[in-house]
Amino acid sequence: MKHLLALLFFPLLLTACNKDRPEQVTVTLASRLWTDPDQTAENRYRYYVKWGSAMEWTVGMADGTIAGFEYEEGYEWLLKLDMWPVDDVPGDGISAEYKLKKILSKDKKESEGLPIN
């Protein structure tokens, strides 16, 4: 009976532990930042991002919000990140926390097809 209870409890334990594990995502960051003229200095600059294999650029997380990563303008970056979703989205709208796992590439180039700022 104890073994049966353990077998039933084990999948629940694994599911609970997975919430502590980050999701790994791959992103491309453009060679320049998007500038929001209506925001404060802290949130004014954001990355142009391609998520995974997406073809279109989107305006993503604020500059400086990837732990362990230092952005340099003039380079297009391909990064592997750990991502932890935020359950209670704060007023600043940050819905996930990111940490650099690995720099896959850093190419000196002007990113093409960026939306007009």
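**Reading confidence and burial in a predicted chain**

Modeller: This is a predicted model, with a mean pLDDT of 81 for the chain and 74% of its residues at 70 or more.

Colleague: Which elements have the lowest and the highest confidence?

Modeller: Confidence is lowest in helix α1, residues 2-18, where the mean is 40. Strand β6, residues 96-108, is highest, at 97.

Colleague: In what order do the elements of the chain run?

Modeller: From the N terminus on, the order is α-β-β-β-β-β-β, that is, one helix and six strands. Among contacts with a separation of 6 or more, 55% join residues 24 or more positions apart.

Colleague: Let us turn to a single residue. Where is serine 31 placed, and is serine 31 buried or exposed?

Modeller: Buried means under 20% relative accessible area. Serine 31 lies in strand β1, residues 23-35, and counts as buried because its relative accessibility is 2%.

Colleague: Which residues is serine 31 in contact with, leaving aside neighbours within four places in sequence?

Modeller: Serine 31 is in contact with Tyr71, Glu73, Gly74, Tyr75 and Glu76, and also with Lys109, Glu110 and Ser111.

Colleague: What percentage of the chain's residues count as buried?

Modeller: Of its 117 residues, 26% count as buried. The chain exposes about 8400 Å², of which carbon and sulfur atoms supply 54%.

Note on methods:
Residues are numbered from 1 along each chain as its sequence is written. This is a predicted model: local features need pLDDT of at least 70, side-chain atom pairs count only at pLDDT 80 or more; totals for chains, interfaces and linings use all residues. Side-chain values use heavy atoms; hydrogens and water are left out. pLDDT is the predictor's confidence in each residue, from 0 to 100. Helices (H or I, at least four residues) and strands (E, at least two) are DSSP runs, numbered from the N terminus. Buried means under 20% relative accessible area, exposed over 50%, partly exposed in between (1.4 Å probe, protein chains only). Contact means heavy atoms within 4.5 Å. Accessible areas come from the Shrake-Rupley method with a 1.4 Å probe; for residues, only the protein chains shown count as cover.
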